[in-house]
Amino acid sequence: MTRIIYVNGRYLPYSEAAIHPEDRGNQFADAVYEVCEVREGRLTDETRHMTRLERSLGELGIPLPMSRAAWGRVLRETIRRNRVRHGLVYLQVSRGVARRDFYFPSPDTLPTVICLARRLSASKSEALAAKGIAVVSTPDVRWARCDIKTVMLLPATMAKQRAKESGANDAWFVDDEGFVTEGGSANAWIIDREGRLITRALDQSILPGITRSVLLDLLKREGITLIERPFTIPEAQAAREAFITSATSLVMPVISIDGKPVGNGAPGLIAQQLRAQFHEAAERAPV
Ligand code: PDD
């Protein structure tokens, strides 16, 4: 099947798709993105993802290229043309094409919009969740506005690659005070001995994860106690359970941190339960 990608208003086979070399996303990482889950032919949490996209664009002063309804059409058409029933849809918006210059180009420069959709194996991600993942800690060397979902992902790329090379699945970033900020591409959580969930409060050092926010709704509904505060690696290693959340990993149990097992070294029961229940709290719109 020929895969199709949306670029600036056109749906093109990959072999014909291109963006300009002087795109600001390419030269300055001057671009933002979203990743949404597609599950059983439905789009997960479109409203929250589009709200965050609009916020990211606003924080960087990139003009909003299209309406909510138009985003919805682009996401759906890209999903449909690639026949994705289970996988992800990726949307990226850059400040557009301009002669290389640090200053912003004229405000009438058109943003570059890219949308792609990709199948993922549902059984593979369930198998991984049943096994749990290993994470390794690494200093958080990213910038001070990690609340904006920009494509400036080199620190995450480096950290995740190093994690992979050491036999782990993901990295957890640690700030200068020794507190975990978040995962390489996910939010980080622990569960203490009393069964309370702990995750860092939202600030500019972490992405306000959509999966995180939906999980907060689920916790409220289930009457599970949540404490929003930072935690350290030793505290996480001594926790009853640990897990990460993201649109692609959902609720993913963490079974070891820097080589030390969390709990009994197997996926925790609460994390598994929350994973199973997650979509009860999520918005699921038809494609
Ligand atoms: N990443 N923190 C970071 C640094 C992330 O990159 C992500 C998501 C999250 C979780 O956000 P959400 O729940 O909205 O997916 C937290 C996506 C999946 C990615 O870059 O592929």
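Which residues is Phe28 in contact with, leaving aside its neighbours within four places in sequence? They are Arg100, Asp101 and Phe102, where contact means heavy atoms within 4.5 Å. This is a predicted model: local features need pLDDT of at least 70, side-chain atom pairs count only at pLDDT 80 or more, and totals for chains, interfaces and linings use all residues. Residues are numbered from 1 along each chain as its sequence is written, and side-chain values use heavy atoms, with hydrogens and water left out.

**Phe28**
- Phe28 sits in helix H1, residues 24–28. Helices (H or I, at least four residues) and strands (E, at least two) are DSSP runs, numbered from the N terminus.
- Between the C-alpha atoms of Phe28 and Asp258 there are 33 Å. Along the chain, these two residues are 230 residues apart.

**Two domains**
- The chain is assigned domain 1 (4–120) and domain 2 (125–286). Such bounds come from an automatic or database domain assignment.
- Taken over C-alpha atoms, the domain centres are 26 Å apart.
- In domain 1, 28 residues are in contact with 25 residues of domain 2.
- The two domains bury about 2400 Å² between them, and 51% of it is on carbon and sulfur atoms. Buried area is the accessible area (1.4 Å probe) that two parts lose on being put together, summed over both.
- Tyr33, Arg48 and Arg52 supply 27% of the area that domain 1 buries against domain 2.

**Across the interface**
- Four salt bridges are found between domain 1 and domain 2. Each is a side-chain nitrogen of Lys or Arg within 4 Å of a carboxyl oxygen of Asp or Glu.
- Asp217 and Arg48 form a salt bridge through their side chains, at 2.6 Å, N to O.
- Strand E3 (31–39), strand E4 (42–44), helix H2 (46–60) and strand E5 (87–94) each give at least two residues to the side of domain 1 that touches domain 2.
- H2 provides the largest share of that side, nine residues.

**The ligand**
- The ligand is surrounded by 19 residues, each with a heavy atom within 4 Å of it.
- The closest are Tyr33, Glu182, Ile210, Thr211 and Ala247.
- A polar backbone atom of Ile210 is 2.8 Å from an oxygen atom of the ligand.
- For Ala247, a polar backbone atom is also 2.8 Å from a ligand oxygen atom.
- In the side chain of Lys149, an N or O atom is 3.2 Å from a nitrogen atom of the ligand.

Definitions and conventions. Polar contact = N/O pair within 3.5 Å; in protein donor to acceptor, adjacent residues only side chain to side chain.
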